[in-house]
Amino acid sequence: MTDLLHTRTDGPEDGPVLVMLGSLGSTLDMWEPNVPALAEHFRVVRMDHLGHGASPDPAGPYTMQMLAEAVLATLDALGVDRVHWCGLSLGGMVGMYLGSEHPDRIARLVLCCTSSNFPDPSIWRQRIEAVKAGGTAGIAPGVVERWFTPEWAEKHPDVVGRAVGWVSDTPDDGYIACCEAIEVWDHRDRLGAVTAPTLVIAGDEDKPTPVEPHARTIADGIPGAHLEVLHGGHLATMQSAEETNRLLLEHLT
């Protein structure tokens, strides 16, 4: 049996379903700045990835297919068929996979600060070795430093502290298993199979997945996709939450 993911649901029970899945090393709490505005219009279902937060932590390595199948099994258990999807980073990769391989399940798609391929996958092997050596707690401050711009982080130390906690609390094995899925991830030749209307959101100071080439490749590869660039680091949806919410509501309603 496929492991079911930990979820949290907000908004009207009879509303259209919007699934939100976040970054490697985060929990569903990363969407807190976005939920109040979105839950006025949608049944917002947030999820923790496999090996993250309160979700199961099965043995790795994982694949993007495995991560996506856990999502589908969870939706099936919730009695939900077709959804809108908003994914950031690893959550965006899962969304791309679902959009091309299970297009009947995705109505509209939002892909934030993510990538269809990493030209230098060795960065993930280095990350894996760093976690093996010092655990997720050892990499947490360096990871979160790339999530927000320096001036924003300085003004929001409480948010930065929580984010460091998300990474530190992620099980080492779950984090490594997800890195192994990303290390071999290359979905460029499947982008053209995505049929859902797609919004691509990028952060102007996103170092892990900058606009060029990452967001641009996705926007150019998915038919009719629209690209918007916000101010922020890798978690631009948190840093520019109000603008993110406006774009999501425009695209999804």
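Helices (H or I, at least four residues) and strands (E, at least two) are DSSP runs, numbered from the N terminus. By that count, the protein chain has ten helices and seven strands. Its radius of gyration, taken over C-alpha atoms, is 16 Å, close to the 18 Å that the globule rule (2.2 Å times the number of residues to the power 0.38) gives for 253 residues, so the chain is as compact as a globular protein of that length.

This is a predicted model: local features need pLDDT of at least 70, side-chain atom pairs count only at pLDDT 80 or more, and totals for chains, interfaces and linings use all residues. Residues are numbered from 1 along each chain as its sequence is written, and side-chain values use heavy atoms, with hydrogens and water left out.

**Sheet**
- Seven strands form an open sheet in the order E1-E3-E2-E4-E5-E6-E7, with mixed pairing; two strands pair if DSSP finds at least two bridges between them.
- Strands E1 (7–10) and E7 (226–230) stand at the edges with a single partner strand each, so one side of each has no neighbour in the sheet.
- On average, neighbouring strands of this sheet are turned by 20 degrees against each other, direction ignored.
- E2 (residues 17–21) and E4 (residues 83–88) pair in the parallel sense over four bridges. Valine 19 has tryptophan 85 in E4 as its bridge partner.

**Helices across the sheet**
- Contact means heavy atoms within 4.5 Å. Axes are lines fitted to C-alpha atoms, for helices over the stretch in contact, and angles run from 0 to 180 degrees between N-to-C directions.
- Helix H2 (residues 64–78) lies across E1, E2, E3 (43–47) and E4, at about 140 degrees to E3.
- Helix H10 (residues 241–252) lies across E2, E4, E5 (106–112), E6 (198–203) and E7, at about 155 degrees to E5.

**Largest pocket**
- The largest pocket is lined by 18 residues; Ile123, Trp124, Arg127, Arg146 and Pro208 lie nearest its centre. A pocket is an open set of points on a 1 Å grid over the protein atoms alone, where a 1.4 Å probe fits, with protein on both sides within 12 Å along at least five of seven lines; lining residues have an atom within 4 Å of a point.
- Helices H4 (122–145) and H7 (172–183) are the elements giving two or more residues to this lining. H4 supplies the largest share, five residues.

**Backbone details**
- A cis peptide bond joins glycine 60 and proline 61, with omega about 0 degrees. Proline 61 sits in the loop between E3 and H2.
- Another cis peptide bond joins glutamate 212 and proline 213, with omega about 5 degrees. Proline 213 lies in helix H8 (residues 211–221).
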